[in-house]
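Let's take a walk through this model together. Have the sequence and the 3D view ready, and we will go element by element.

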Protein chains: 2
Amino acid sequence: MSFLSFLLGEKKQTASVAKERLQIILAHERAGRTGADYLPALQRELVAVISKYVSINPNDIKVHLERQDNLEVLEVKIELPEASRY
Amino acid sequence: MSFLSFLLGEKKQTASVAKERLQIILAHERAGRTGADYLPALQRELVAVISKYVSINPNDIKVHLERQDNLEVLEVKIELPEASRY
């Protein structure tokens with residue numbers, strides 16, 4: 001499960017993990033060098049869509065946007081309260 | 001850039017890469033073992049939102065859903081034609 005563990009930044013899962021977590025990674029590899037500045041707006045819409053399925057506290061959302069050469073990566077980490085599904 | 005390259009499954013980027021690519025990874029780590037079967041529906045809504053920002057051909061979308069223990073990972077890979085941004 002190295003890939004999945006890598007995604008969540010976990011060495012391993014333990015029973016002590018109490019909170020649920022949701023993570024979104026959006027990667028855009030461009031052919032040219034034109035900037036894709038739509039990612040922050042897209043992120044807001046993605047969070048709005050996800051909030052239809054799970055209960056999200058805006059304070060528990062952490063967003064990281066990274067731009068390197070032709071690659072843009074938007075990472076959204078969300079801590080969910082337990083049993084947060086509608 | 002190992003993390004980003006890892007995400008896109010690339011050894012390295014070359015000038016020969018012609019198409020733009022968009023990748024979404026949605027990982028849900030649950031506290032319990034209750035299934036989160038909302039991911040496929042959520043995926044459809046995510047793709048609908050993204051299609052508002054970039055031109056998506058339904059044939060160019062590849063979806064992979066993986067479930068392991070308390071972790072569910074939805075991966076959506078989209079090949080974009082060049083200059084596909086609205």
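In which hand does α2(A) pass α2(B) in their crossing? The crossing is right-handed, that is, the near helix is turned clockwise from the far one by less than a right angle. The contact (heavy atoms within 4.5 Å) is made by A:L42, A:E45, A:L46, A:V49 and A:I50 on α2(A), and by B:L42, B:E45, B:L46, B:V49 and B:I50 on α2(B). These residues divide into eight nonpolar, no polar and two charged. In both chains helix α2 covers residues 39-50, and the two axes come within 10 Å and cross at roughly 155 degrees. α2(A) and α2(B) are therefore roughly antiparallel, a term for angles over 145 degrees.

A word on the ground rules: this is a predicted model, where local features need pLDDT of at least 70, side-chain atom pairs count only at pLDDT 80 or more, and totals for chains, interfaces and linings use all residues. Residues are numbered from 1 along each chain as its sequence is written, chains are lettered from A and ligands numbered from 1 in the order in which they are written, and side-chain values use heavy atoms, leaving out hydrogens and water.

Now turn to strand β1 of chain B, residues 20-29, where ten of ten residues are buried (under 20% relative accessible area, 1.4 Å probe, protein chains only). In a regular strand the side chains alternate between the two faces of the sheet. Both faces of β1(B) are covered, with B:L22 and B:I24 among the buried residues on one side and B:Q23 and B:I25 among those on the other.

Strand β1 of chain A (residues 20-29) runs antiparallel to β1(B), joined by nine bridges; strands pair if DSSP finds at least two bridges between them. Here A:I24 stands opposite B:L26. β1(B) also pairs in the antiparallel sense with β3 of chain B, residues 71-80, over ten bridges, and B:L22 has B:I78 as its bridge partner there.

Note on methods
Axes are lines fitted to C-alpha atoms, for helices over the stretch in contact, and angles run from 0 to 180 degrees between N-to-C directions. Helices (H or I, at least four residues) and strands (E, at least two) are DSSP runs, numbered from the N terminus. Angles under 35 degrees count as roughly parallel, over 145 as roughly antiparallel, 65 to 115 as roughly perpendicular and the rest as oblique. Ala, Val, Leu, Ile, Met, Phe, Trp, Tyr, Cys and Pro count as nonpolar, Asp, Glu, Lys and Arg as charged, and the others, Gly among them, as polar. Buried means under 20% relative accessible area, exposed over 50%, partly exposed in between (1.4 Å probe, protein chains only).
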